[in-house]
Amino acid sequence: MASNESRLQQQPSQKDAADQNFDYMFKLLIIGNSSVGKTSFLFRYADDSFNSAFVSTVGIDFKVKTVFRNDKRIKLQIWDTAGQERYRTITTAYYRGAMGFLLMYDITNQDSFNAVQDWSTQIKTYSWDNAQVILVGNKCDLEDDRLIPTEDGQRLAEDLGFQFFEASAKDNINVKQVFERLVDVICDKMNESMEGDSLTSNHRNQGFKDSSSESHGSCAC
Ligand SMILES: Nc1nc2c(ncn2[C@@H]2O[C@H](COP(=O)(O)OP(=O)(O)OP(=O)(O)O)[C@@H](O)[C@H]2O)c(=O)[nH]1
Ligand SMILES: [Mg+2]
């Protein structure tokens with residue numbers, strides 16, 4: 001549960017973490033090899049900030065963000081995992097109960113793409129069957145250094161049954177869209193399984209209650 005010092009200051013305040021004002025809580029995880037840009041992606045989404053220095057995550061960290069769907073307040077509790085192998089036991093312990101995953105690779109890093117299959121297996125092993133996954137090819141601003149063609153990412157996502165985006169935390173490309181899509185597919189899945197007890201009802205079945213004062217995502221419904 002540690003993170004580097006400079007980023008600790010930007011963790012959600014205790015007030016945010018304790019705020020009970022929400023209708024649903026979605027637990028999301030960002031996973032993938034070290035240095036693919038998981039932390040950068042989360043900081044871009046939650047704080048609209050970007051740091052070009054690489055400070056590898058130690059263990060696991062999280063941020064909260066609130067979005068709205070059908071006038072319902074959905075608190076996203078977004079866990080940023082360390083990609084380094086040595087933290088794997090800690091990070092996989094957090095998979096349980098996650099409703100959605102961003103599985104990230106770096107379009108300029110072949111190893112990170114090759115590892116996607118293994119990360120997918122980790123999801124199947126440690127999380128719910130119903131967990132929704134989006135495959136994200138990050139660093140699409142680095143077109144000159146690209147090693148993974150877009151089509152390869154698309155094909156792999158199709159094979160694994162995941163949705164697919166290319167994105168850039170640095171240039172803020174598709175960052176919000178990825179999270180919005182993940183929320184949408186989770187909502188769709190919930191509506192399917194609830195059969196009528198949909199998001200329009202006052203259904204508070206999630207374990208945490210919390211809210212962020214940060215900016216709200218727009219409703220894409
Ligand atoms: N050009 C470019 N660089 C990026 C992008 N996203 C992240 N980076 C850089 O890539 C490096 C690694 O980013 P991190 O976000 O720390 O990577 P991580 O996946 O969290 O790594 P671990 O914490 O070790 O698992 C940093 O130097 C970032 O500035 C991007 O979209 N484009
Ligand atoms: Mg990190």
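Student: Which strands form a hairpin, and how many residues lie between them?

Tutor: In this predicted model, S2 and S3 form the hairpin, with two residues between them. Asn 70 in the turn has a positive phi of about 50°. Asp 71, also found in the loop between S2 and S3, has a positive phi of about 65° although it is not a glycine.

Student: How should I read a positive phi?

Tutor: Most residues other than glycine have a negative phi. Asn 172 is another non-glycine residue with a positive phi, of about 55°. The loop between strand S6 (163-166) and helix H8 (175-194) holds Asn 172, and this residue is partly exposed, with a relative accessible area of 41%. Asp 48, which follows H3, has a positive phi near 50° as well.

Student: In which sense do S2 and S3 pair, and over how many bridges?

Tutor: S2 and S3 pair in the antiparallel sense, over 10 bridges. S1 and S3, by contrast, pair in the parallel sense over seven bridges. Trp 79 of S3 shows both pairings: its bridge partner from one pairing is Leu 29, and Phe 62 also has Trp 79 as its bridge partner in S3.

Student: How much of S3 is buried?

Tutor: In a regular strand the side chains alternate between the two faces of the sheet. In S3 (residues 72-81), nine of the 10 residues are buried, so the strand is mostly covered.

Student: How is the chain as a whole laid out?

Tutor: The protein chain has eight helices and six strands, in the order α-α-β-α-β-β-α-β-α-α-β-α-β-α along the sequence. Of its 221 residues, 53% count as buried. Among contacts with a separation of 6 or more, 79% are between residues 24 or more positions apart.

Student: Which residues of helix H6 are buried?

Tutor: For a helix, list the buried residues, then look at their directions around the axis. In H6 (residues 116-126) the buried ones are Val 116, Trp 119, Ser 120 and Ile 123. These residues span an arc of only 105° around the axis, which places them on the same side of H6. The face turned away from that buried side carries the exposed residues Asp 118, Lys 124 and Thr 125.

Student: What covers the buried residues of H6?

Tutor: The cover includes strands S1 (24-32), S4 (100-106) and S5 (132-138). It also includes helices H4 (88-92), H5 (110-114) and H7 (150-160).

Student: Which residues are the protein donors of the magnesium ion?

Tutor: The donors to the magnesium ion (ligand 2) are OG1 of Thr 39 and OG1 of Thr 57, lying 2.0 Å from the ion. Thr 39 belongs to helix H3 (residues 38-47) and Thr 57 to the loop between H3 and strand S2 (60-69), so the pair ties together parts 18 residues apart in sequence. Thr 39 is buried, with a relative accessible area of 10%, and Thr 57 also counts as buried, at 10% relative accessibility.

Student: How many residues of H3 are buried?

Tutor: Nine of its 10 residues are buried, so H3 is largely enclosed by the rest of the structure. Among the buried residues are Lys 38, Thr 39, Ser 40, Phe 41 and Arg 44.

Student: How much space lies in the largest pocket?

Tutor: Rolling a probe the size of a water molecule over the atoms shows where empty space is left. Here the largest pocket holds about 400 Å³. It is lined by 26 residues, and those closest to its centre are Ser 35, Val 36, Gly 37, Ser 40 and Lys 139. H3 supplies the largest share of the lining, three residues.

Definitions and conventions: Residues numbered from 1 in each chain as written. Chains lettered and ligands numbered in written order. Predicted model: local features only at pLDDT ≥ 70, side-chain atom pairs only at ≥ 80, totals over all residues. Heavy atoms only, no water. Donors = N, O, S within 2.8 Å, 3.2 Å for Na, K, Ca; no water. Helix = DSSP H or I, 4+ residues; strand = E, 2+ residues; numbered from the N terminus. Buried < 20%, exposed > 50% of the residue type's maximum accessible area, 1.4 Å probe, protein only. Arc of directions from axis to C-beta. Contact = heavy atoms within 4.5 Å. Pairing = 2+ DSSP bridges. 1 Å grid on protein atoms, 1.4 Å probe; cavity = no way out; pocket = protein on both sides within 12 Å on 5 of 7 lines; lining within 4 Å. Points joined across faces, edges and corners; volume = space filled by probe spheres on them.
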